Amino acid sequence: MKIGIASGKGGTGKTSVSCALAKALNIKNEKLNLLDCDVEEPNVHIFFDDKNVESEKYSVFVPAIDKEKCTLCLKCEDICQFNAILNIGDEISVFPEMCHSCKGCKIVCEDNAILDSSKELGEIKTFQKDNIKVIYGELRIGEPMAPPLIDAIQKRIDSEFLNIIDAPPGTSCPVISAVKNLDYVILVTEPTPFGLNDLILAVETIKILKIPFGIIINRSDIGDDRVLKYAKKENIEILMEIPDDRIIAENYSLGKTIVEARPEFIEKFYELYLNIKKRF
């Protein structure tokens, strides 16, 4: 099973929920993979003792031009929808930051003037903590292309175990890459005007992808009741409400999860998992 934890905006508690769910299930002796797909700012590993981390550099294809073979037929320029290859003057220039690594340019080049080259996107790191295998990516500083690294992390999903995917915040391309093939998505929100606005965007995105989902309201006793009214109107299940708790916040600042701050949430998160599991 593949369960994603997502949110329409940052700061709602998405990672807190991801790590709390993983640790609650670990206590219940469930084996699982916890994959942090927020590669621009991964922080799941902060909540674990991440010793003995294995790191692997991840690179993708970018074209290089053999100028001796190139006849300036411009087929490579024509096929590239991202302007990564352009004819400037009397030669072809490549802009690696724009390349989506589709290899279309290489396929259409009849002169075999497109050579294999690569650029490093970042690193994929892995470590084991009790029953939890933590996998996370770190995008190279300055690199604008997060989805390929997210896709590489997704390939580490093991269908024999439960997989919890911590998605990036928002509703942009990285989020789509993280949740597009999941079985269920938990949307984490907060009962504020900003929280509701971005929750609506997230809900519409998940509906387009036709993925079953429910809502967790974090800091549920602040703000107003507009999130509850919206969920009722749209017939969206409220999976859990987590209060605005000083003890939870203090423990979070020390790198501890909700279930460590409030052990009574172990059963709540386990029941949440069982509630989702029985649907599949």
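Me: Which residues of α10 are buried?
Reply: General idea first. An α-helix has 3.6 residues a turn, so residues three or four places apart point the same way. In this predicted model, F265, I266, F269, Y270, L272, Y273 and I276 of α10 are buried (under 20% relative accessible area; exposed is over 50%, partly exposed in between; 1.4 Å probe, protein chains only). They cover an arc of only 150 degrees around the axis, which puts them on the same side of α10. The arc is that of the directions from the helix axis to the C-beta atoms.

Me: What should I know about numbering and confidence?
Reply: Residues are numbered from 1 along each chain as its sequence is written. Local features need pLDDT of at least 70, side-chain atom pairs count only at pLDDT 80 or more, totals for chains, interfaces and linings use all residues, and side-chain values use heavy atoms, without hydrogens and water.

Me: Which residues lie on each side of β9?
Reply: In a regular strand the side chains alternate between the two faces of the sheet. In β9, Y184, I186 and V188 take one side, and V185, L187 and T189 the other; all are buried. That is 6 of the 6 residues of the strand (residues 184–189), so β9 is largely enclosed by the rest of the structure. Helices (H or I, at least four residues) and strands (E, at least two) are DSSP runs, numbered from the N terminus.

Me: Which strands pair with β9?
Reply: Pairing takes at least two DSSP bridges between two strands. β1 (residues 2–6) runs parallel to β9, joined by 4 bridges. There, G4 stands opposite V185. β10 (residues 213–218) is also parallel to β9, over 5 bridges. I215 in β10 is the bridge partner of L187.
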